[in-house]
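Morning, everyone. Please have a look at the structure on the screen. I'll keep this short.

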Amino acid sequence: MALYDSLGATYARTRRPDPRIGARIHGALEGMASVINVGAGAGSYEPERTVLAVEPSRVMVGQRPVGAAPAVRAVAERLPVRDCAADAVMAVLTVHHWSDLAAGVGEMRRVARRRIVVLTWDQEVFRERFWLVREYLPETVAFDDRRAVPVEELAELLGGARVETVPVPHDCTDGFGAAFWRRPEAYLDPEVRAGISLCAQAGEDVIAPGLERLAQDLASGRWRSRHAELLRLEEIDVGYRLVVSSV
């Protein structure tokens, strides 16, 4: 069973693409006449020029909207398309789930004629700057350390790439890990956590004590007192990065 057959049931509700992040991704794909989306999930951030989505999970494919690009159930390490099949290949918050990063990147390079665009995160920045994992869920840091892809390694596998910082807006509509950095109550919602692989894969038993401390700090006002500076910010950099490579 694909991982997101169990983790992805809430994606259509909690992981709605954010237009500001979408603009960054689409800007990196500007001029590309055809795009293949690898690890496509429910289709977030796919431009209209997408010709194929590749996704192993039937649950995720089942949440793709009517009119979305055709989808095939397959994995990044074995893309079922010919060489140079599209101008560009994109991959959004997915490379950390691949079983063989080098094989997956090799397949993207085989399939893309002109460009590869990957949205990922820098784990060192994330664990230092994101209050949730630093103060309440430190147990999840070791989990993320094992699965996170170093941005430098990804760029090297791509044969060289530029790396852009992608700040997270305070009202981000895509409920990934740090999306609710200014809305801490959201992390107490089981449905929200179900759409965040960091929480879902770590397990409720592991994160329950930290979430209880968060609930207490929110009720007492300690969280807002400790993080008053965050409440004045419109966006922050917690490590999300756009990696763009020309083939």
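I'll talk about aromatic rings, then about cysteines. Keep in mind that this is a predicted model.

Rings to begin with. How many aromatic pairs does the structure hold? The count is 10. Take Phe 126 and Phe 130. Their ring centres sit 5.3 Å apart, and their planes meet at 50°, so we call this pair tilted. Phe 126 and Phe 130 are both buried.

Now stay with Phe 126. Phe 126 also pairs with Tyr 240. Here the centres are 6.2 Å apart and the angle between the planes is 85°, which makes the pair edge-to-face. Where do the two partners sit in the chain? Phe 126 is in helix 6, residues 123-129. Tyr 240 is in strand 9, residues 240-246. They are 114 residues apart, so this pair links distant parts of the chain.

Is Tyr 240 buried or exposed? Its relative accessibility is 5%, so Tyr 240 counts as buried. For Phe 126 the value is 4%, and buried means under 20%, so Phe 126 counts as buried too.

Phe 126, Phe 130 and Tyr 240 belong to one aromatic cluster. Other members include Trp 121, Trp 131, Tyr 136 and Trp 223.

On to the cysteines. A disulfide is a covalent bond between the sulfur atoms of two cysteines. The nearest cysteine sulfur belongs to Cys 199, and it is 15 Å away. Cys 199 is in no disulfide either. Cys 172 has 2% relative accessibility, so it counts as buried. Cys 199 is buried as well, at 3%.

Notes. Residues are numbered from 1 along each chain as its sequence is written. This is a predicted model: local features need pLDDT of at least 70, side-chain atom pairs count only at pLDDT 80 or more; totals for chains, interfaces and linings use all residues. Side-chain values use heavy atoms; hydrogens and water are left out. Rings of Phe, Tyr and Trp (its six-membered ring) pair if their centres lie within 6.5 Å; planes under 30 degrees apart count as stacked, over 60 as edge-to-face and the rest as tilted. Buried means under 20% relative accessible area, exposed over 50%, partly exposed in between (1.4 Å probe, protein chains only). Helices (H or I, at least four residues) and strands (E, at least two) are DSSP runs, numbered from the N terminus. A disulfide is a pair of cysteine sulfur atoms within 2.5 Å.
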